[in-house]
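Dear colleague,

Please find the structure below, together with its sequence.

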Amino acid sequence: MTTLSSPAARIAEPAFRLEQKRRIVGEFPGPRSAQLAARRAAVVAKGVASSVPVYAADADGGIVRDVDGNSFIDLGAGIAVTSVGASDPAVVNAVREQVGHFAHTCFMVTPYEGYIAVAEQLAELTPGDFEKRTVLFNSGAEAVENAVKVARLATGRNAVVAFDHAYHGRTNLTMALTAKAMPYKAGPDGGFGPFASEIYRVPMSYPFREENPSITGAEAAQRAITMIEKQIGSESVAAIIIEPVQGEGGFIVPAEGFLPALAEWAKAHGVVFIADEVQSGFCRTGEWFAVNHEGVVPDIITMAKGIAGGMPLSAITGRADLLDAVHAGGLGGTFGGNPVACAAALAAIGTMKELDLAGRARHIESVVTERFTALQAELGERSIIGELRGRGAMLAMEFVVPGTRTPNPEATKAVAAQCLREGVIILTCGTYGNVIRLLPPLVIGDALLTDGLDVLEDAIRSVGA
Ligand code: PLZ
C-alpha cells in the first residue's frame with residue numbers, strides 16, 4: 001500500500017502543468033480538428049492512419065489536450081513511449097539546454113559525452129554481469145535491424161528465428177520478422193514484399209489459446225526448439241528474437257519457464273538470444289526490463305519507445321564480444337544517438353529512478369487487476385473478457401464471444417470507441433484485433449487512472465450487455 005513518502009503518493013499531488021482532469025467541452029472532433037483533418041487529407045498519405053480523430057495541442061502527465069480544448073485521459077502513452085509523461089520537466093529542461101548548444105554533430109564525425117553517458121546507463125540497467133557494448137539509433141525497427149546484423153556477423157550464420165504473433169517493426173527486415181499480415185505486410189498483389197530471407201517462424205507460448213491448456217512453458221519452448229532443430233538446424237541459426245511480453249500481437253505473456261528454456265537452449269547452441277524490449281522496457285512491466293521477471297539474461301537487448309521521454313532514440317546493448325566482433329565503421333547512421341535525444345534519455349532515466357516508476361507500474365497493475373478481476377467474477381459466463389493479463393502497466397483484456405474463446409474484435413472496437421467518446425484514449429492490439437491494452441504514462445495519478453478505468457468498465461458493461 002501507498003505510504004505518504006512513497007513515489008506513488010508524490011505523484012498523487014504532482015505539479016503538472018495541465019489540470020489532470022477529463023473534460024469534453026463539445027462535440028468532437030471539434031472545428032479545429034476537423035480543419036486539420038481536411039488539410040491532412042490533401043497532403044498526408046492515407047497509409048498513415050491515426051486511432052484518434054482529434055489533433056493534439058498539449059500533453060502532460062495523464063492528459064492529452066486537443067486543439068479544441070478537450071482533455072482526454074491518455075491510457076496509451078503514444079504506444080508505450082511517454083512513461084515519464086509527454087512533457088516531463090526534467091526532459092524538457094535537458095532538451096532545451098542541449099539544443100541551445102548543439103542539436104547535432106553526428107557521433108560518427110564529432111562525438112560527444114551524452115552518447116557515452118547513455119551507454120553507461122544502459123550497461124548498468126540491463127541484466128547481465130558481463131562487459132557490455134551499446135550502439136544508439138533512432139527507431140525500434142532500426143535497433144532490431146542492427147541486433148540482427150550484429151548476430152549474423154558475429155556468428156557467421158544466417159537464419160533468424162521469430163515467433164507467432166511477433167511484432168518487430170515495419171522496415172524490410174523487421175516486416176519479415178513481424179507475424180501479422182494485415183496491415184503490416186499484406187496488400188493487393190503481394191503487399192509490401194518481397195520480404196527478407198532466412199527468417200523462420202515458430203510457435204509462441206500463448207496460454208489463453210493453447211490447444212492443450214496445461215502445456216508448461218518448458219514444453220512450449222521444446223515445441224519451438226524441436227521445430228528449429230528439425231527445420232533449420234541449430235548450427236544455421238544466428239539468433240532467436242523474442243518480445244518477452246509480446247506487444248502488438250496482444251500483450252501475450254508466455255507461460256513461466258518458456259523464456260528461460262529458450263535462452264538456455266540458445267546458449268548451448270551458440271545462438272544469439274535477442275530480447276526485443278522496445279515496448280516492454282524501461283519500467284513498463286514493473287521492472288527495468290521484462291526479462292527480469294524470470295531472471296533471463298539476453299545476449300542483446302533492443303530498446304526504444306520509453307527510453308527518452310518521447311524523443312526518438314533507440315539502442316542495442318549486449319555482450320561485448322558480440323558487438324565488438326563488428327569492424328570499425330560497420331555500424332552507425334547519421335542521426336543515431338542524436339545529442340538532444342541522449343540528453344532526453346538521461347533525464348527520463350533520472351525521472352524513472354527518482355520516482356521509482358517501476359514501482360509505480362506495479363501499483364498500476366494492482367489497481368487494474370483488482371478491479372477487472374472483480375468485474376470478471378461478477379459477469380462470469382456472460383463476460384466478453386476472455387482473459388485479463390499482462391505485467392506492470394502493460395496490461396490487456398482479450399475479448400471473446402461470451403462463454404467461448406472465439407475472438408470478438410467487434411466488441412473490442414466498440415469498447416475502445418465508447419471510451420473515446422467519453423474522453424479516454426485506449427489502444428487495441430492483437431493478432432485477432434480483440435485486445436484492449438492499457439499503457440498509461442507511469443506518472444498518471446490515481447484519481448485520473450480511476451476515472452479512466454470507470455469509463456472503461458462502463459464501456460465493457462454496456463458493450464457486453
Ligand atoms: N519492436 C516490440 O512494439 C513498435 C508499432 C506501431 P518503431 N510498436 C509500435 C505501429 O503500428 O507502427 C515496436 C515494438 C517492438 C519493435 C517495434 C518497432 O519500433 O520505433 O515503431 O520502429
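The C-alpha centres of domain 1 and domain 2 are 26 Å apart. Please keep in mind that this is a predicted model. Domain 1 is made up of two stretches, 2-75 and 356-464, while domain 2 covers 92-354. To the contact between them, domain 1 contributes 33 residues and domain 2 contributes 29 residues.

About 2,600 Å² is buried between domain 1 and domain 2, and carbon and sulfur atoms supply 54% of this area. On the domain 1 side, Arg-391, Met-394 and Arg-405 lose the most area to domain 2, and together they make up 31% of what that side buries.

Polar groups also meet across this interface: 20 residue pairs are in polar contact there. Two salt bridges are counted between domain 1 and domain 2. In the model, a salt bridge also joins the side chains of Glu-398 and Arg-209, with an N to O distance of 2.7 Å.

**The ligand**

Which residues lie closest to the ligand? Of the 15 residues that surround the ligand, the closest are Gly-140, Ala-141, Arg-170, Asp-276 and Gln-279. By class, this shell holds five nonpolar, five polar and five charged residues.

Oxygen atoms of the ligand lie 2.8 Å from a polar backbone atom of Gly-140 and 3.2 Å from a polar side-chain atom of Tyr-167. A nitrogen atom of the ligand is 2.7 Å from a side-chain N or O atom of Asp-276. The ligand taken alone exposes 510 Å², and the protein buries 82% of that area.

Yours sincerely

Terms used: Residues numbered from 1 in each chain as written. Predicted model: local features only at pLDDT ≥ 70, side-chain atom pairs only at ≥ 80, totals over all residues. Heavy atoms only, no water. Near = heavy atom within 4 Å. Polar contact = N/O pair within 3.5 Å; in protein donor to acceptor, adjacent residues only side chain to side chain. Areas by Shrake-Rupley, 256 points an atom, 1.4 Å probe, with all protein chains shown as cover. Nonpolar A, V, L, I, M, F, W, Y, C, P; charged D, E, K, R; others polar. Domains from an automatic or database assignment. Contact = heavy atoms within 4.5 Å. Buried area = accessible area lost by both parts, 1.4 Å probe. Salt bridge = Lys/Arg side-chain N within 4 Å of Asp/Glu carboxyl O.
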